[in-house]
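I opened a new notebook page for this complex. I want to log confidence, folds, packing and a few backbone details.

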Amino acid sequence: MKAFPWVAGAALGVLALAAPLVLERGTLNDVWSLAFAVILASAWNLLGGFAGQVSLGYSAFLGIGAYATVLLSLRGMNPFLTLPLGAALAAAFSVLIGLPAFRLRGPYFTIATIGVGEVVRVCASSVSFTGGSSGLRMPPGTFDFTLNYLSMVALAIAVVALAAFVKRSAFGQALAAIRQDIDAAEALGIDSTRFKLAAHALSAALVAVAGGLYAINFQYIAPGSVFDFRLSLSIVLMPIVGGVGTIAGPVLGALVFSTLQIKLLSIPALRDSYLFIYGTLLIVVMLFEPKGILGLVRRVFNRRLRRFYADA
Amino acid sequence: MRGVLNVLIDSLLAAGLYATMAYGLAVIYGVMRIINLAHAGVMMLGAYTTFSLFTRFSLDPFLSLLVVAPLFFGGGVLLYRTVVRRLPRSGGTASIESLLLLFGVWLVLQNLAYVIWTGDTQSILTSYTLKSVSLLGVRVGVPALLVFGMSALSLLVLEFVLHRTYLGKAVRAVTQNRDAALLAGVNADQISAAAFGLGTAFAGVAGGMLSTLYAFTPDFGRSFLLKAFCIIVLGGMESVTGVAAGALVLALLENGLAVWTTIPTSFQDAVSFALLFVALVAFPQGLPGLFTRLARRRAVR
């Protein structure tokens, strides 16, 4: 029974990868968005969930990845080869801001990250090589939906598997110790800053790769799209709604979220109320079930599911 | 010389407004250890309420603050009673849960504004909006002057309330030591409600005053929220004077950089952020903490 989540996850992954053979383009687009959401949510969860460091500045990494891909592709590089470079850049940037920011704890760290996101957005729209606020277009001939779809889904599977691996590793244990009591963790000899920096860099790199794929798929980026504060917001919201600090939670949150988004965008009357829905979700989760949907499910089917998800 | 005077006067005028909006955050943090992210949303609503009073009833924006303040105090108390007090109490530090909860409130408020006032950019144009007067040889906009006057007035009233009334003394007592205040018979729940109302009222008033100086949309308020954070981090959360000093430092830096360097004004938000970052990291106890540390070092020598 313990293997159930793994088998189910692997089966879903294989199905998603094989989907282009059967499903039509519209549905594939939805799966693409879901995979994108899963990557963002699970990557954020590495730092925000496992280590408990809630960052509201992740659009910065997504934007760095997207801009790196477009800028390098415009200089003639193969778009897919730019992805690791964008990831490295985002990881380096995450260390740069992490060094001072991780001296802050709890909400202070969160506030500082809002600032980081804002500064990066402002800079991207004011500097000339990024095309300013009007954005940049990918060079023609770089669009291949099937390839992009497969990469995004494969990355999503890899990120979830990585999260599961990290959670069980010594690294994940150290992050959990930091989340539970940072002073106690330090007393046990855990260099908290180093572990936080590592988790930050890892999640930043993953988000940046997703950002690069996003840029290739949409062929056009602007500070308003990839550095948007709302993006940072949804990145945080997904794991929190699903179940922060778990493996299945962010995936669940991403599923709820991308479904909501797809459904909401198709109803004109509701198109303008997504902030209301996000806000209400956040309020309801925080007041009634801070562990998210997964926490709720667990409470309802406590006995049976405890065995299922004991290590998920 | 003229440039220096210009910057000084502009900064002083801006600092009044900054202090008003920062104080709302400080009082809520002080009493409840909650970082009120909904502050930005409340400022935005304050701006729109003033706007509606102006367009519907042609009430002068500054007079409408007399309506906005009690209205928002009530709204704040209501928000506290219905939502905020249900949060599990965290120990001595602010909790992520409260931060995210109020973030949710902010989003709901934003959406409310989109529904009521649409996403169009609005501004208030009164007969004196574009007028200016000469002050020590420096041209100063009339609205900026009025905003400074109102801010100074509201901070003076606040100072009086904090030091001369039971409510104010209780607020300060809970801020300094919640447990001791409880032991002394202070009803912490009531004081928290009052403090939340007070903070919300200050945010509403600050928003109303912002609406006379800037154009606004439902998305408005984020950069001012960050400025307010920066100020309370600089000034410490405890005293009105500390908040005022923090506001002045930020305003001086912004105006000074705008006049003496070629940094474009679009980077102004980045400046307050950089300052926030430096302040949070370098002196987490704020300027007062820095001063006591320096004084202690000198005493040791």
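**Entry 1: confidence.** I started with chain B. Its mean pLDDT is 82, and 89% of its residues reach 70 or more. This is a predicted model, so I kept these scores at hand. I then looked up chain A. Chain A averages a pLDDT of 86, and 95% of the residues score at least 70. For the complex, the predictor gives an ipTM of 0.77 and a pTM of 0.83.

Which elements of chain A have the lowest and the highest mean pLDDT? Helix 15 (residues 302-309) of chain A is lowest, at 64. Helix 9 (residues 192-218) of chain A is highest, at 94. I made a note to myself on this. Where pLDDT is low, the predicted coordinates should not be read in detail.

**Entry 2: chain A overall.** I read off 15 helices and 2 strands for chain A. Along the principal axes, the C-alpha atoms of chain A fill a box of roughly 55 × 50 × 40 Å. Buried residues come to 49% of the 312 in chain A. I also checked sequence separation. Of the contacts in chain A with a separation of 6 or more, 78% are between residues 24 or more positions apart.

**Entry 3: chain B overall.** Chain B has 12 helices and 2 strands. I wrote down the order from the N terminus: α-α-α-α-β-β-α-α-α-α-α-α-α-α. Chain B has 301 residues, and 50% of them are buried. Of its contacts with a separation of 6 or more, 78% join residues 24 or more positions apart.

**Entry 4: where the chains touch.** I counted who takes part. Chain A puts 30 residues into the contact, and chain B puts in 30 residues. Which helices of chain A each supply at least two residues to its side? They are helix 5 (106-126) and helix 13 (274-288). Helix 5 of chain A gives the most, with 13 residues. By class, the chain A side holds 20 nonpolar, 7 polar and 3 charged residues.

**Entry 5: a helix pair in chain A.** I picked helix 2 (residues 25-50) and helix 11 (residues 229-242) of chain A. Their axes are 8 Å apart, at an angle of about 75°. Angles of 65 to 115 degrees count as roughly perpendicular, and helix 2 and helix 11 of chain A are therefore roughly perpendicular to each other. Helix 2 of chain A brings A:Ala37, A:Leu40, A:Ala41, A:Trp44, A:Asn45, A:Gly48 and A:Gly49 to the contact. Helix 11 of chain A answers with A:Ile235, A:Val236, A:Met238 and A:Pro239. The tally for this contact is 8 nonpolar, 3 polar and no charged residues.

**Entry 6: a helix pair in chain B.** Next I took helix 5 (residues 142-164) and helix 6 (residues 166-176) of chain B. Their axes come within 5 Å and cross at roughly 80°. That makes helix 5 of chain B roughly perpendicular to helix 6 of chain B. On helix 5 of chain B I found B:Val161, B:Leu162, B:His163 and B:Arg164. They meet B:Leu167, B:Gly168, B:Val171 and B:Arg172 of helix 6 of chain B. This contact has 4 nonpolar, 2 polar and 2 charged residues.

**Entry 7: B:Ser64.** I found B:Ser64 in helix 3 (residues 61-82) of chain B. Is B:Ser64 buried or exposed? It has 23 C-beta neighbours inside 10 Å, so B:Ser64 counts as buried. Leaving aside neighbours within four places in sequence, B:Ser64 contacts B:Thr50, B:Leu53, B:Phe54, B:Leu59 and B:Gly208. I also checked B:Ser52. B:Ser64 and B:Ser52 are 12 residues apart in sequence, and their C-alpha atoms are 9.8 Å apart.

**Entry 8: positive phi.** I logged two residues other than glycine here.

- A:Gln219 has a positive phi, near 65°. A:Gln219 sits in the loop between helix 9 and strand 2 (220-221) of chain A. It has 14 other C-beta atoms within 10 Å, so A:Gln219 is partly exposed.
- B:Ser58 has a positive phi, near 40°. B:Ser58 lies in the loop between helix 2 (39-57) and helix 3 of chain B. With 8 C-beta neighbours inside 10 Å, B:Ser58 counts as exposed.

Terms used. Residues are numbered from 1 along each chain as its sequence is written. Chains are lettered from A and ligands numbered from 1 in the order in which they are written. This is a predicted model: local features need pLDDT of at least 70, side-chain atom pairs count only at pLDDT 80 or more; totals for chains, interfaces and linings use all residues. Two residues are in contact if their C-beta atoms, placed from the backbone, lie within 7 Å. Helices (H or I, at least four residues) and strands (E, at least two) are DSSP runs, numbered from the N terminus. Ala, Val, Leu, Ile, Met, Phe, Trp, Tyr, Cys and Pro count as nonpolar, Asp, Glu, Lys and Arg as charged, and the others, Gly among them, as polar. Axes are lines fitted to C-alpha atoms, for helices over the stretch in contact, and angles run from 0 to 180 degrees between N-to-C directions. Angles under 35 degrees count as roughly parallel, over 145 as roughly antiparallel, 65 to 115 as roughly perpendicular and the rest as oblique. A residue is buried if 20 or more other C-beta atoms lie within 10 Å of its own, exposed if 12 or fewer, and partly exposed in between; C-beta atoms are placed from the backbone. pLDDT is the predictor's confidence in each residue, from 0 to 100.
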